[in-house]
Amino acid sequence: MDLYEHEARELFARHGVSVPDAEVVDTPHEARRAAERLGGRVVVKAQVKTGGRGKAGGVKLAADPAAAELTARQVLGTDIKGHTVGRVMLTQPVDFEAEFYVSYVLDRGAGRFLAIASAEGGMDIEEVAASRPDAVARIPVEPDEGVTASKAAGIAAAAGLPPEVAPVLERLWQVLVREDALLVEVNPLVRTTDGRILALDGKVTVDDNARFRQGRWSAQAPDPHGDPLEAAATAKGLNYVKLDGEVGIIGNGAGLVMSTLDVVAGCGARPANFLDIGGGASAEVMADGLSVILSDPAVKSVFVNVFGGITACDAVADGIVRALESVHLTRPLVVRLDGNAAARGRAILDDRAHPLVHQATTMDSAARRAAQLAVSA
């Protein structure tokens, strides 16, 4: 589960990472009152679970409480990459002399965590990573070792960060461990003109599997400002994440789905979602998955990518056929079946002969077809 920025900041503060004072509101009038309490001049930040808010107009400086009210009125209700802004956070502006990027992320393939850090933080960190990868340090962190004082100093040195950032790296590691997080990111982490180290923005993804021991997340009420598709998928028990593209993705297994996202992107299209149906591909699961994906108006084609193992491909194909009886398919569906009983599964889909269902035998060819269909739609 991704947290909002204001929730991530609360975790940072709880674990000793300094953040500027801030308040979260959902009306323009409340924004004016909050700005008055915060000193007048504030930064108004849209609270949505997606990146790129600054470039999308979701982060603006307001010179006084009246301007804060006007800015909040402009930002609230707007759409940022498919997310409607229901709340804004007002925070005190900070004068800084340097901005950095730091994060910890789970490296599933290696079975450990990865510290990623750069002395060149800010909105263009993605461009820095792409054009000058040597400016971004990637340091493995073994779970049983963690980030000690010496490890934190080593990460800071590798990334060219000042030594005073090292204690913050230790505290951010504690956020990750104690909050059962899969990702902890600060961009930017700044050094102010008076020498303080502050987290100005943050992103935290917590592990849904740890809800049983993280009481405040397991008891959390449904988010009225969250993505409605993600809410619908959660209600159906689906592991779904909304993305910004046009090719809907269904796969069995997180690793396969992640690979599918990459292959689709390599074919010149953008994935519209992450949807892992795991080992179950019953008609009900397929119908629920297709229903959620087809509810996204941005989706132009759907790619079902299944490798048969415990759940055989003929069972998956049967689930797709039966799902088509309850779901009105309005966009092309590309299916790739491989593994256990793949030939039988393909035959089942051939017999159904739905005009919008296409088959491919390899992941690459299926991805290309799904991308072509999305572009031509």
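Let me start with Lys 45, which has its place in strand S2, where a strand is a DSSP run of E with at least two residues and a helix a run of H or I with at least four, both numbered from the N terminus. What we have here is a predicted model, in which local features need pLDDT of at least 70 and side-chain atom pairs count only at pLDDT 80 or more, while totals for chains, interfaces and linings use all residues. Residues are numbered from 1 along each chain as its sequence is written, and side-chain values use heavy atoms, with hydrogens and water left out.

Is Lys 45 buried or exposed? With a relative accessible area of 7%, Lys 45 is buried, a word that stands for under 20% relative accessible area, with exposed meaning over 50% and partly exposed in between, for a 1.4 Å probe and protein chains only. A polar atom of the Lys 45 side chain lies 3.1 Å from the backbone oxygen of Leu 200. Leaving aside neighbours within four places in sequence, Lys 45 is in contact, that is, has heavy atoms within 4.5 Å, with residues including Glu 5, Arg 53, Leu 200 and Asp 201.

Gln 47 is found in the loop between strand S2 (42-46) and strand S3 (59-62), and is buried, with a relative accessible area of 2%. Not counting residues up to four places away in sequence, Gln 47 touches several residues, among them Tyr 4, Glu 5, His 6 and Arg 53.

Let us turn to a pair of helices. Two packed helices are described by the angle between their axes and the distance between the axes. Helix H11 (residues 313-326) and helix H12 (residues 342-352) pack at an angle of about 20°, with their axes 7 Å apart; the axes are lines fitted to C-alpha atoms over the stretch in contact, and angles run from 0 to 180 degrees between N-to-C directions. That makes H11 roughly parallel to H12, because angles under 35 degrees count as roughly parallel, over 145 as roughly antiparallel, 65 to 115 as roughly perpendicular and the rest as oblique. Among the residues making the contact are Ala 317, Ile 320 and Leu 324 of H11 and Ile 348 and Leu 349 of H12.

Finally, Pro 133 is found in the loop between helix H4 (125-131) and strand S9 (136-141), and counts as partly exposed at 45% relative accessibility.

Key. Polar contact = N/O pair within 3.5 Å; in protein donor to acceptor, adjacent residues only side chain to side chain.
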